[in-house]
Amino acid sequence: MLTIDAVSFHYRGVRALEAVTVAGAPGKLIALVGRNGSGKSTLLRLAAGLLSSTRGSVRWSGLDLRTLSPQQRARSISYVSQRPQLSIALSVVESIRLGLFSAQSDGLARQRVTDSCVELGLDGLADRPFHELSAGEQQRCLIARALVQHRSGGLLVLDEPFSNLDPAEASRVARVLRARALGGGLVLVAMHDLTLADQIADQVWLLERGALLASGPPSQVLTTSRLCEVFSCEFARGPHGITLCALADRAR
Amino acid sequence: MSRRQFTGVLLLSSFLLAGVVFRLLIARQVNAHGLRLEWPTTDILQLRVGAVESALLAGGALGLSGLLLQALLRNPLASPFLLGLSAGAGLGATLVMLSATAFNAGVVGWLFGALGIADGVVAGTLGSLVVLAVVYALGRRDGRIDPLTLVLSGTVVSSICGALTLLAQSLLPPSSRGDSWMWFMGQIPEVPSPGLALLTAMLLLGMVIVAWRSGRALDAASTSDDEAESLGVSLKHLRVMLFVGAGALASASVALCGPLAFVGFVAPHMSRLVIGAQHRALVPASVVAGAALLVWADAIRQVIDFGAGRLPIGVLTALIGGPVFLGVLRSRRLVPGGWSC
C-alpha cells in the first residue's frame, strides 16, 4: 500500500506540492494527470523515495521511505525517469541489466532480462548501442530495466513513459503495465494522454498547481467539466472515451 | 568477464610487459643515434628497476584516478588534474622554494625543515591535498557532491593556484626559477623513496579492490541521479569514495613523479577502446594502461637527447599522447562519457 499523507514539497522555497493526501493499493494501475508543472513528477519522485517531503510522509508497505537506504528502496520500488540518460557506451542488453543492480545476478535474473526484452519488443536490438536508439526505443529500454528490477507486489513508478512512443508501442507498453498491476504490483504512471488514461487506469489522480484536485475511478475523475476547468479547453466523452473537442469536431 | 574484456586485458598486459622489458634493456644514448639493447650491469639494472617501479606505480595510480573521476563527473574529458590537483601541487612546491630562498636562515625555514615540508615533493603533495579539500568543500550542493559544481570549482581553484604560482615564481631569484620549471615537467625517479613507493602501492591495491567491487555501481551511476538512486546506488557515499580515492591516487603520483597530467586522461579511454564501457573490467585495464603508457614514455625518452639531457617525461607524454588521442578522437565516435566501440 502506498500512503501519501499530507505531503508538501518546496523547491528552494517555491511550492511544488501542498498537503497532498492520497493512497493506492497493490493490484491497481493509477494514472497521474495534470497540466505541465502541476507537480506530477515531484509526486512521482516522492513516491519513489527520490525526494524527501518538506512536510508529511510517504509510506510504502507501512515503511516511511525516508528511513530506507537506496538499496532497500530498490528492492521494492522501481522508477522510470522522464529523461533517459546514460553517459557510458553500453549496449541495450547491458543497460537493461542495470536493473539487476540490487538483485542477485543468477539464472532467473538473467531470464528476467531476456523476458523483458521480448515483452518490450527489444529482442532484435539487444546488442545495439543504447545511444544509437531512437527516443522511443530508449524509453522502452528504461521500462524494460524497471521491469527487470520490479518484484511481484512491488511499486512501479513511471514518469511519462508514453511520451515518445508510437501508437503500436504505446499500446504494447500499456498492456505490459496492466499485466504488472494484475500480477499484484502497484503501477503509478504520469501521463498526458487522457484517452489512454481513461482506458487503462483503475484510478486517476488529478493534480492542479501542486494540489490534488480529485482521485478515483477514471469515469468519476475525468469528467468533461472538470477537464475543461483544469486544461482550459473543451472535451467530449463519447463511446471511444475522452476526446478534445477540436478533434471531435473534425471527426464529425 | 566477456571474451572481449579478457582479450583486451591480455593485450594491455602484453603492451605493459613489452614496455618493461624494453625499459630494462634499452641503453641510454648520449650524443649518439640508434637503439642499443643490452643486459645492464647490476648497478644500472637497479636504477632501471627503480625507474620501472616509479612509472608502474605513478602510471597505474593516474590511470585509475582518471577512470574514477570520469565516472564521478560523468565527463569523458575529466582527468586527475581537472580538479586543480596539479596546480595545487605546483603552488605548494613553488611556495616552499620561495620560502627556502626568503627565510632560509629564519624561523620559517627552520619550521618548514622541522615539519619535513622543506622539499618540493612533500610540499607538492600537501598542496594537492589542500586543493582536494577546498574543491571538495566548494563542490557540494545540498550536502552532497554535485558533478557540475565540482568541475567548475576545480577549474576556478586551478586558475587561482596557477596565478599564485606565477606570482611566487616571479619573486624567486632567477637562478632558482629553473628548479621550479623542472619540477613542473615531471620526473621518473630511478631511486624512489621506499616508504612513498610502498604507500602508493598499498593505496593503489586498496583502491583497485574498492573500485572493482564498486564496478556495477559505477555502471549504474552513469545514468541520471534519479535513475541511479532508484536502482539502489547510494550516490552520496559512492561520490565521496570516488573523489577521495581519485584525489589520493593523484596526490601519490604527484609525490612520486611530479605533475604528469596526460596519463590519467588517456589511460581510461585507451582501455575503453579495447575493453568496452563496463567499469568492473575497466578498473584493472586502466591501471595497466596507465602504467604501460608511463613505462613506454620513460623508455622512449632514454634515446632522445637534444643536447640538454633526457627529455622531461611530462613533455614526452604530452607530445606522444596528444596526437595519438586526437587521432583516436577523429576515428571513433565519442559518446557522452565514453567511446562507441
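Start by selecting A:Ser232, which you'll find in the loop between helix 9 (224–231) and strand 11 (235–238) of chain A. Keep in mind as you look around that this is a predicted model. Check the backbone here: phi of A:Ser232 is near 55°, a positive value in a residue other than glycine. Most residues other than glycine have a negative phi. Is A:Ser232 buried or exposed? A:Ser232 counts as exposed, because it has 8 C-beta neighbours inside 10 Å, and 12 or fewer is the cut-off for that label.

Now zoom out and colour chain A by domain. Domain 1 covers 2–221 and domain 2 covers 222–252. The C-alpha centres of these two domains of chain A lie 27 Å apart. Where they meet, 13 residues of domain 1 of chain A are in contact with eight residues of domain 2 of chain A. To see the domain 1 side, select helix 7 (194–200), strand 9 (203–208), strand 10 (211–216) and helix 8 (218–221) of chain A, the elements that each give two or more residues to it. Which of them gives the largest share? That's helix 7 of chain A, with five residues. By type, this side of domain 1 splits into eight nonpolar, two polar and three charged residues.

Next, head for the open sheet of chain A, where four strands run in the order 2-1-4-5 with antiparallel pairing. At the edges sit strand 2 (14–24) and strand 5 (63–64) of chain A, each pairing on one side only. Then pick out strand 1 (residues 2–11) and strand 4 (residues 55–60) of chain A, an antiparallel pair joined over five bridges. For one bridge up close, select A:Asp5 and its partner in strand 4 of chain A, A:Ser57.

While you're here, click on A:Arg12, in the loop between strand 1 and strand 2 of chain A. A:Arg12 isn't a glycine, yet its phi is positive, about 45°. A:Arg12 counts as exposed, because it has 5 C-beta neighbours inside 10 Å.

How values were computed: Residues are numbered from 1 along each chain as its sequence is written. Chains are lettered from A and ligands numbered from 1 in the order in which they are written. This is a predicted model: local features need pLDDT of at least 70, side-chain atom pairs count only at pLDDT 80 or more; totals for chains, interfaces and linings use all residues. Two strands pair if DSSP finds at least two bridges between them. Domain bounds come from an automatic or database domain assignment. Two residues are in contact if their C-beta atoms, placed from the backbone, lie within 7 Å. Ala, Val, Leu, Ile, Met, Phe, Trp, Tyr, Cys and Pro count as nonpolar, Asp, Glu, Lys and Arg as charged, and the others, Gly among them, as polar. A residue is buried if 20 or more other C-beta atoms lie within 10 Å of its own, exposed if 12 or fewer, and partly exposed in between; C-beta atoms are placed from the backbone.
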